[in-house]
Amino acid sequence: MAKRSWAEPYKIKMVEPLRMTTQEERARAIREAGFNTFLLCSEDVYIDLLTDSGTSAMSDRQWAGMMLGDEAYAGSANYYHLEEAVAEVYGYKHLIPTHQGRGAEHILSRMCIKPGDVVLGNMYFTTTKAHQELAGARFVDVIGDAAHDAADLSPFKGNVDLKRVEAAIEKYGAARIAYLCLQCNVNMAGGQPVSVANVRAVSALCRKHDIKVFLDATRAVENAYFIKQREKGYADRSITSIVRELCSMTDGCTCSAKKDALVNIGGFLCVNDDALAEQARGLVVLFEGLHTYGGLAGRDMEAMAIGIRESVQEDHIRARIGQVEYLGRLVEEGGVPIVKPVGGHAVFVNASAMLPHIPREQFPAQALAAALYVESGVRAMERGAVSCGRDPDTGENIYPTLELIRLTVPRRVYTQAHMDVTAEAVIELYQRCGEVRGLRFTFEPKVLRFFQARFQQV
Ligand SMILES: *Cc1c(COP(=O)(O)O)cnc(C)c1O
């Protein structure tokens, strides 16, 4: 059979006009935003690749589901629909809905961490680590070396290095390790997947030492797609069965439904342990809302239940990741240094390779994201030293190996032509990147500084 390209498995029924601005307008906007793309007004953005979080286009079914919101305070029908969908795709015993992923992270961290504990993880994620630290833990990275090498072509660069887990157990003792947080499609490494074989080995090792494993299932569906493509024995398996297998090897999960699950707001915590579930239901009432809505409207839970089922459809996930790979190929063909292989949700441009004239202390990725916006109206995000923050013990800046900007593709929102325009802009900027200047802080927030920090050019 002749090769068939992926194409969007939907047609467009409603459109939202985009606004193009002039370069002078954008230069003013980014100055007013303190050279932080998070502080731009979205009205001043042409193609918004800041994040794929909560930016998905919902389907007609999901919008129809919004009209079926049962806004009862307790026992909403939509909660039971959500419970059914989560059980079907993720397979854990107990569901606790939360307003988004960090709500679930907050509850899990509070339940399972004592001050002085250590949490292991395959590279940190910003909000996840912040909640672990808030609960008194220190984060210890146990991801393999390949994740830190933008050019390494290993198929599963998200994998945990078992030797690092063993070393951490040796150093801190298993009793001090609150849990291992296993991220799917590791965001900060460039959206790189973990393999089933690795998860199985990690899970066995942790069980042996009585250490719990919690999945960050935010991108488990996209991870499952890569497993289907790349891991031996999985080519004929359904996406759902692969997600279920990943989840079955862990004790529970936190999940931001704003990513894979195709909704604009929502998240959940799942656990298998009955006592832990009871404790979580006690905390969710305090911080989110009653355990049958967790800070969400009934209609949001209905849209989430439908989105979860749509997210695992093969034609959807193939087109979703196909579009990201398409953008990655264009940018790479233009000679721009990117993290490879291209991940599930974004193309990560290697800012330190692109701007060798800007020292790390002047935040090359932050500067590059600002310059790309001025050049083209395309909004990207810094994923480097600004995102990484400071060492909580020494107060020094942490400089991660990867200093990147992320071109994040929202699900079902932009067309291939938008990807063409984006790639052209990145390539053009690459050819003139010697003109980009470094930045220094004028305002540095203490927690999750990248969201609200302000800079000026040096
Ligand atoms: C987005 C994200 C979170 C946090 O979820 P929110 O819904 O933004 O609170 C946690 N982990 C990963 C991997 C994410 O991508």
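**Ground rules**

I number residues from 1 along each chain as its sequence is written, and I work with heavy atoms for side-chain values, leaving out hydrogens and water. Since the model is predicted, I ask for pLDDT of at least 70 for local features and 80 or more for side-chain atom pairs, while totals for chains, interfaces and linings use all residues.

**Entry 1: the whole protein**

I started with the secondary structure and found 16 helices and 14 strands. For these I took DSSP runs, numbered from the N terminus: H or I of at least four residues for helices, E of at least two for strands. Next I looked up the radius of gyration, taken over C-alpha atoms, and the globule rule, which is 2.2 Å times the number of residues to the power 0.38. The protein comes out at 21 Å, close to the 23 Å that the rule gives for 458 residues, so the protein is as compact as a globular protein of that length. Along the principal axes, the C-alpha atoms fill a box of roughly 60 × 55 × 50 Å.

Then I turned to burial. I call a residue buried under 20% relative accessible area, exposed over 50% and partly exposed in between, with a 1.4 Å probe and protein chains only. By that count, 59% of the 458 residues are buried.

**Entry 2: the ligand**

Which residues come nearest to the ligand? I noted G101, R102, D216, S256 and K259, out of 15 residues around the ligand. Here "around" means that a heavy atom of the residue lies within 4 Å.

I sorted the shell by residue type and got one nonpolar, eight polar and six charged. In this sorting Ala, Val, Leu, Ile, Met, Phe, Trp, Tyr, Cys and Pro are nonpolar, Asp, Glu, Lys and Arg are charged, and the others, Gly among them, are polar. I also checked the helices: α4 (101-112) and α5 (126-134) each supply at least two shell residues. The largest share, three residues, comes from α4.

For polar contacts I looked for pairs of N or O atoms within 3.5 Å; within protein, one must be able to donate a hydrogen and the other to accept it, and residues adjacent in sequence count only if both atoms are side-chain atoms. The side chain of S256 has a polar atom 2.6 Å from a ligand oxygen. For K259 the side-chain distance to a ligand oxygen is 2.7 Å, and for Q100 I read 2.9 Å. How much of the ligand does the protein bury? Taken alone the ligand exposes 380 Å², and the protein buries 97% of that. Those areas come from the Shrake-Rupley method with a 1.4 Å probe; for residues, only the protein chains shown count as cover.

**Entry 3: around K258**

K258 sits in the loop between β7 (252-256) and β8 (267-271). Its relative accessible area is 11%, so K258 is buried.

**Entry 4: cysteines**

I searched the whole structure for disulfides, meaning cysteine sulfur pairs within 2.5 Å, and found zero. C255 is in no disulfide, and its nearest cysteine sulfur, that of C253, is 5.7 Å away. C255 is buried at 1% relative accessible area, whereas C41 is partly exposed at 49%.

A reminder to myself: most residues other than glycine have a negative phi, and most peptide bonds are trans. Where is the cis peptide bond that I noted? It joins K340 and P341, with omega about -10 degrees. P341 lies in the loop between α12 (314-333) and β9 (346-350).

M123 has a positive phi, near 70 degrees. M123 is in the loop between β3 (118-121) and α5, and is buried at 8%. F363 also has a positive phi, about 50 degrees. I placed F363 in the loop between α13 (351-354) and α14 (364-376), buried at 3%.

T292 is in the loop between α10 (274-287) and α11 (298-311). Is T292 buried or exposed? At 5% relative accessible area, T292 is buried. Its side chain reaches the backbone nitrogen of G75 at 3.1 Å.

R437 lies in the loop between α16 (416-431) and β13 (439-443), partly exposed at 44%. The C-alpha atoms of R437 and I358 are 7.0 Å apart, across 79 residues of chain.
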